[in-house]
Amino acid sequence: MSYRRDKDDTLHWQKWLQNHRDELQACGIPPIVLEDMRHWHYFLEHGYFTPLNSADPIIDVDRMSKSEAERLCLFLEQDDLYPDCSALNRLQFLLKRGIHAGAG
C-alpha cells in the first residue's frame, strides 16, 4: 500500500513540476531544488536550501532579489498545493503581504 502511495505522490509531483518548472525557474529557484521533491519540500519548510557538501545555501528567501521574491510569493499564494509553507510565510513577512500586510 505504501508503495502505491509513494508512486502516486511521485507521479503527482512530476505532473505538477512539468506544469510549473518554467515559472519556478523564473522565480529564481535553482534546478537542483527541483530535481528532487524532497529538496523542494525542504526549501518550502525552511525558506532556504543547502545542497549536500555545501557550506552555504544556494537559495534563501531572505537573500532573494525583490523581483524574484515577489514573483515567488505570488506563485505560492496562487498555488493551492503549498498554502501554509514557511517559505511563503517568510516571503509575505518580508514583502508585507497577506497576514503581514499591516505589520510595521
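Let me start with helix H5, which covers residues 86–95 and whose buried residues are Ala87, Leu88, Leu91, Gln92 and Leu95. Looking down the axis of H5, we find these buried residues within an arc of 135 degrees, so they line one face of the helix. This is a predicted model, which please keep in mind throughout. As for what lies over the buried residues of H5, the cover includes helix H3, residues 37–46, and helix H4, residues 66–78.

Now to the core. The largest nonpolar core has 26 residues, and those that touch the most other members are Leu24, Ile29, Trp40, Phe43, Leu72 and Leu76. At least two residues of this core are supplied by each of helix H1 (2–26), helix H2 (31–34), H3, H4 and H5, and H4 gives the largest share, five residues. In soluble globular proteins, nonpolar side chains tend to be buried together.

To take one of these residues, Trp40, and setting aside its neighbours within four places in sequence, we see contacts with Trp13, Trp16, Leu24, Ile29, Val33, Leu34, Leu76 and Tyr82.

Finally, the cysteines: how many disulfides does a search of the whole structure find? The search finds zero. For Cys27, the closest cysteine sulfur is that of Cys73, and at 10.0 Å it is too far for a bond, since a disulfide needs the two sulfur atoms within 2.5 Å. The sulfur of Cys73, in turn, has its closest cysteine sulfur in Cys85, at 9.3 Å, which is also too far for a bond. Cys27 counts as buried, at 0% relative accessibility, and Cys73 counts as buried at 0% as well.

Notes: Residues numbered from 1 in each chain as written. Predicted model: local features only at pLDDT ≥ 70, side-chain atom pairs only at ≥ 80, totals over all residues. Heavy atoms only, no water. Buried < 20%, exposed > 50% of the residue type's maximum accessible area, 1.4 Å probe, protein only. Helix = DSSP H or I, 4+ residues; strand = E, 2+ residues; numbered from the N terminus. Arc of directions from axis to C-beta. Contact = heavy atoms within 4.5 Å. Core = buried A, V, L, I, M, F, W, Y, C linked by side-chain atoms within 4.5 Å.
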